[in-house]
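Colleague: Could you take me through this model, one element at a time, and say how each description was reached?

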Amino acid sequence: MGLIKGLQDSFRIAWKDLLEFERNRIGLIFLFLMPFFMLIMTGFIFPTGNTYTDIPVAVVDMDHSQASQQLIAQIQAMNNKTNVMDFKDALSLDDAKTMITRGQIYGAIVVPQGFSDSLAQGKQANITVISDNSIPQVSMVMQGLATQVINVLGAQRGAMEVQMLSIKANQTVNPAAVIAPFKVDAQGTVPGNMNYFSFVAPGLLMMIVMMGAMTGIPRAISHEKEIGTFDGILAAPVNEISIIFGKTIAQTVRGFIQGIIVLAIAILIFGVTIKGSLLLTSGILLLGIFSFIGLGILLTAMSNNEETATILMTVLQFPMMFLTGIFFPIQQMPWFMQWLSEVLPLTYAVTAMRKVMILNAGIMDIIPEVAILIVFGAIMLAVAIPVFRRSMTR
Amino acid sequence: MTSDYAIEVKGLTKKFGNFTAVDNISFNVDDREIFGFLGPNGAGKSTTIRVLCTLARPTAGNAKVAGYDLIREGDKVRARIGLVSEKMIMYERLTAAENLRFFGNLYQMPKQKIENKIDELLELVNMSQWKNAQIGTYSTGMKQRINVIRALLTEPDIIFMDEPTLGLDPQTTLSIRELIRDINKKGTTVILTTHAMLEAEVLSDRIAIIDRGKIVALDTPANLKKLIKDAEMTVFSVRIQNLSPLLVEKIKKLECVAAIDQPDAYDLKVSARGPEGFDRIIDTIRHDGGNITMINTNEPTLEDVFLSVTGKAMRDQTEKPKVAARHGPWRAPQARVR
């Protein structure tokens, strides 16, 4: 059988699959809805930068001195600009703790007894910050904020003292340089601020497309076999490789269309920007889909019906969602999870996509990822073809 | 055609795990013949057809289909056969024309020829006005007509039909039988499976009776019936008003009884062997006080042939659990029934 006839058959099968898909209204609607919901859900449940406002925090003055009242007034004045915290009154440390336990506040800034004495004696004066341990994320933010506010106020006070000392000593100094001799200037490689959504978007794009491809294959193969239409193709003079290629083409096109939809929604509604080339983004999208399809066909050929195939796909999708660095950075995982994530092809697709979309990476910067995806996809297809051939003529 | 026969089957065996669906069968099908496979569900009819269509690999044995080796020249076989499967081969979301065009293209038919053939075949089954309607909107009878003409589209030398009239209304059944005769007259060899006795009898030039994967009889319908006459078989039905299970058991045990079937509470259908068989059976019934209200001797039908060669009625075993077709290593069915 000639190569041309084989390719023609592939395209005919692909065209038939796509035509069927195009006629499936509900399927088409979900092609839009699924990514839309996924983006909305993941886009809004995670923190996107400085989203905290009005965190209820108690301020407890146990020193009742002029100095402590002055400090609290300064804290309140600073907070008035940002409204990150919403100050409540508490009478004592125990009172504040009870309020935290009851969920009325997330933390407290406590000025302990002896605060003004320490200041007067030229010692470091303690200020206690307590927080709600049951919600680590919020308590971390609260602790950070309170510490930051107190540090700023401390620095202001320190600067004043240095100024006065320098006048006394008759020397010109820069008080800021004395108090904080080192200054951090944090920058990324591309200008602008990154929010969590921009971090998630490339991974989500790959994941949605991967899920689409992996649920599409059992439908395209097992379902057709179960309802009996596959017999029509298998009893025709068509090579099995043409059938596999036809199915692969159809699923790739479908996945690509879905990817474009996800990208469009992300850009238009969620303000995601693609820093790198659009062509390269599309290329990685296609390569990513290709790398899953061989695996999908292999698992479908190995399972005896659509149900089993779908279950297998779901089992596989789960680790892919959480271990490939879509939502949580791989770097924060324990070593065995990191090892596992290195085995999953989606990891490389997500990494490559993120590099291109966020860091404006060129093809040369993602060669390792691209190579791994190509090799993985090719090996899977090579294994899938004989397994598929055997499973079809059992 | 490089062989005298349309199909030559030698020692064909197909096993699914421990279950032998087709057990070492050999037969030939003449060119331009209508060849019927008659047997209950699970007898191995469909499996035989699937193997001959290259849809299943034989466990042992081989066959030549249209003169080509089934295993080594699968592609050449596939190019010359048509298949009407029990499960309809068509896509619900495509129109009749799109379905036919898709399959026609896989056989590399010229575009114009496909279009002409589609119009001609739709005309033949009176479905021209449905050409551009999606299959999903059709009735079962309409679907089956498309299912049949799908196999005719490519003008195959040999057409395999697996239960082509199963579950259809009488009118569609008749029109499909007419169609089968028609294409046969035009030179197509037809292999037909059915569990409808009448269908096998009226359509087939020759019939193979298949039971538990083996061919138990193979001849023309007339010769098969003669088998019964030659064996001095008497086939008769008897109505006994006070028929008891005990009496049935007693009759069954008689040596002259070749086969017995009880269609309802009062009637027995018996195949009696030998010149005195009939008398012995009637005597036994009378002796036990059986109240005979009617006796009919019948011209033997294919059903009687089936009864006498297999020892059981076909409907006794038609209700077997369906087992999913296996195409993976993770669950082996005990038996495969189609």
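Predicted model: local features only at pLDDT ≥ 70, side-chain atom pairs only at ≥ 80, totals over all residues.

Modeller: Residues are numbered from 1 along each chain as its sequence is written, and chains are lettered from A and ligands numbered from 1 in the order in which they are written.

Colleague: How many helices and strands does the secondary structure of chain B come to?

Modeller: Helices (H or I, at least four residues) and strands (E, at least two) are taken as DSSP runs and numbered from the N terminus. The C-alpha atoms of chain B fill a box of roughly 75 × 45 × 45 Å along the principal axes. Within chain B, the count is 11 helices and 14 strands.

Colleague: What percentage of the residues of chain B count as buried?

Modeller: A residue is buried if 20 or more other C-beta atoms, placed from the backbone, lie within 10 Å of its own, exposed if 12 or fewer do, and partly exposed in between. Applied to the 338 residues of chain B, this gives a buried share of 43%.

Colleague: Which residue of β9(B) is the bridge partner of B:Phe37?

Modeller: Strand β3 (residues 34–38) of chain B runs parallel to strand β9 (residues 206–211) of chain B, and 4 bridges connect the two. In β9(B), the partner of B:Phe37 is B:Ala208.

Colleague: Which strands stand at the edges of the open sheet of 4 strands in chain B?

Modeller: This sheet has antiparallel pairing in the order β2-β1-β4-β5 of chain B. Strand β1 (residues 5–16) of chain B is joined to β2(B) by 8 bridges, and 5 bridges join β1(B) to strand β4 (residues 60–65) of chain B. The edge strands each have a single partner strand, so one side of each is left without a neighbour in the sheet; they are β2 (19–30) and β5 (68–69) of chain B.

Colleague: Which residue in the turn between β4(B) and β5(B) has a positive phi?

Modeller: The antiparallel strands β4(B) and β5(B) are joined by 2 bridges, and B:Val65 has B:Tyr68 as its bridge partner in β5(B). The two strands form a hairpin with 2 residues between them, and the turn residue with a positive phi, of about 55 degrees, is B:Ala66.

Colleague: Are α11(A) and α14(A) roughly parallel or roughly antiparallel?

Modeller: Helix α11 (residues 278–302) and helix α14 (residues 345–359) of chain A have axes 10 Å apart and pack at an angle of about 175 degrees. Axes are lines fitted to C-alpha atoms, for helices over the stretch in contact, and angles run from 0 to 180 degrees between N-to-C directions. Angles under 35 degrees count as roughly parallel, over 145 as roughly antiparallel, 65 to 115 as roughly perpendicular and the rest as oblique. The two helices are therefore roughly antiparallel.

Colleague: How many of the residues of α14(A) are buried?

Modeller: The expected span of a helix is 1.5 Å times one less than its number of residues. For the 15 residues of α14(A) that span should be 21 Å, which agrees with the 21 Å between its end C-alpha atoms. Helix α14(A) is largely enclosed by the rest of the structure, because its buried residues number 14 of the 15.

Colleague: Which helix gives the most to the side of chain A that touches chain B?

Modeller: Residues are in contact if their C-beta atoms, placed from the backbone, lie within 7 Å, and 31 residues of chain A are in contact with 31 residues of chain B. The helices of chain A that each supply at least two residues to this side include α8 (196–227) and α15 (367–392). With 7 residues, the helix that gives the most is α1(A).

Colleague: Where is A:Asn239 placed?

Modeller: A:Asn239 is partly exposed, with 17 other C-beta atoms within 10 Å. The C-alpha atoms of A:Asn239 and A:Asn79 are separated by 72 Å. Its place is in the loop between α9 and α10 (240–268) of chain A.

Terms used. Pairing = 2+ DSSP bridges. Contact = placed C-beta atoms within 7 Å.
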